[in-house]
Amino acid sequence: MKELLIPFLTGLGAGVLSAWGVGGGTILLLCMTLLLGVDQRQAQAVNLLFFLPAAGAGLLFHRKKGEIDGLLWRQTALAGTAAALAAAAAAQFLDVSLLRRPFGVYLLLAGLSMLRKLLKKTPPDRGKPPEK
Amino acid sequence: MKTRWGVTAAAVLAGAVNGLFGGGGGMVLLPLLQRGGGLGDRRLFATSLAIIFPMCLVSGAVYLLQGGVSLRDAMPYLLGGLAGGAIGGLTFSRVPVTWLKAVFALFLLYGGVRYLL
């Protein structure tokens, strides 16, 4: 029971945070690998599958409201998906430990840029012209 | 990232990250597209989602076909995610998320250090 309950609760927490716009697509992955000790590749697979139902439902909603920009989508989706396909295939053959460092760098960059954005949103002194 | 090739390059980068690391494409794509301006936040977010979705679909299929994970292993996470998504959607407007985002950013930094060491 425990081996089902903990994954369920982890998914629940990540689902709530994602719906609030906090998770940013890696929260489940990180919880799985850092807190639960799940194998990296398996965690990546679950993370990808996890995204699909929620995002699919969200997309139907956005599409109905006409919020998806057709031009931007056509300029990006095909090339991006091809890159994703190639990268996912590469990830199957690469030694997972090789991915640890680049992923760590990516996490640091993502965390820093998120903090920077949060700090920007609350400017300390308003009268000052923005620095270049 | 206003130009035609700028947005395409951003999407390729996001796709590569997403496929290689099993997620996080949106965290690459959204800020890059934001730089170009032009679209409002809501529209940009919705369009990003529409760009990321097929990336996750094909990557997820590759991971599944390669047998790294079974649907059975993934199921408790997915069911939890569905319940969590519903709860999160219902409580969305009542939560101050700024400090949660700060906590998440710190968690990312912690994760980065853990992965690098």
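Predicted model: local features only at pLDDT ≥ 70, side-chain atom pairs only at ≥ 80, totals over all residues.
Residues are numbered from 1 along each chain as its sequence is written, and chains are lettered from A in the order in which they are written. Local features need pLDDT of at least 70 and side-chain atom pairs count only at pLDDT 80 or more, while interface totals use all residues; side-chain values use heavy atoms, without hydrogens and water.

**View 1. The contact between chain A and chain B.** Here 84 residues of chain A meet 81 residues of chain B (contact: heavy atoms within 4.5 Å). Together the two chains bury about 7,300 Å², with 77% of it on carbon and sulfur atoms (accessible area, 1.4 Å probe, lost on being put together and summed over both parts). Trp20(A), Leu34(A) and Leu48(A) supply 10% of the area that chain A buries against chain B, more than any other three residues.

**View 2. A salt bridge across the interface.** Asp69(A) pairs with Arg43(B), their closest N and O atoms lying 3.6 Å apart. The count between the two chains is two salt bridges (a side-chain nitrogen of Lys or Arg within 4 Å of a carboxyl oxygen of Asp or Glu).

**View 3. Helices on the chain A side.** Helices H1 (2-19), H2 (27-35), H3 (40-64), H4 (70-93) and H5 (96-121) of chain A each give two or more residues to the side that touches chain B (helices are DSSP runs of H or I, at least four residues, numbered from the N terminus). H3(A) brings the largest share, 19 residues.
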